[in-house]
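Visitor: I would like to learn how to read a structure like this one, step by step. Could we look at it together?

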Amino acid sequence: MTKLILHWLGWSLGWNDSSPATSSGFGSEQLVPSRERTSGEALIRILSTVLFLAVIGSSITDWLNPLVAPDHYWLAIPAALWALQTFFRPSLPMDGNAISTGLWCFAPYLPFFFIDPTTTPLFSLLWQMGGFACLLAFGLIRDLRREIGTDLAGK
């Protein structure tokens, strides 16, 4: 069980285990080459993981409860950082790394659903989900326009 938890935490922070190479396109090989995760994305993932563990800790002890109270918006900080990165760094493509980092920003909300769903900060979560959808569309449209522009410039 401990090995599974450590493997999951390592995966959430971006460490990949070495798996045998395959020729099928699945496993360690990827059909589309991916870029390395930036330090900003790694920081956002680490912050989301720390907040995830803080929410779990608040269910075990009372001294973390002020941090994750529903009227505080600490859990939305990783999403705000991801939004700033997406909006102000147009050089970063909206690829698998960017999207998975944006989705990992929802990790601090997961323990609420497992521990006590009635304490979930829904207002913050709904705004974050709407913002994620808008920024995902923005990033994809930005990348499509960039690709179309380079295709037209190349002709």
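Guide: Let us begin with threonine 38, which lies in the loop between helix 1 (2-13) and helix 2 (39-60); helices here are DSSP runs of H or I with at least four residues, numbered from the N terminus. This is a predicted model, in which local features need pLDDT of at least 70 and side-chain atom pairs count only at pLDDT 80 or more, while totals for chains, interfaces and linings use all residues. Residues are numbered from 1 along each chain as its sequence is written, and side-chain values use heavy atoms, with hydrogens and water left out.

Visitor: Is threonine 38 buried or exposed?

Guide: Buried means under 20% relative accessible area, exposed over 50%, and partly exposed in between, with a 1.4 Å probe and protein chains only. Threonine 38 counts as buried because its relative accessibility is 17%.

Visitor: Which residues is threonine 38 in contact with, leaving aside its neighbours within four places in sequence?

Guide: Contact means heavy atoms within 4.5 Å, and with those neighbours left aside threonine 38 is in contact with Gln85 and Leu92.

Visitor: Where does phenylalanine 138 lie, and why is it called partly exposed?

Guide: Phenylalanine 138 lies in helix 6 (residues 122-154), and it is called partly exposed because its relative accessible area is 32%.

Visitor: What does cysteine 105 touch?

Guide: Not counting residues up to four places away in sequence, cysteine 105 touches Ile44, Ser48, Leu75, Pro78, Ala79, Trp82 and Gln128.

Technical notes:
Helices (H or I, at least four residues) and strands (E, at least two) are DSSP runs, numbered from the N terminus.
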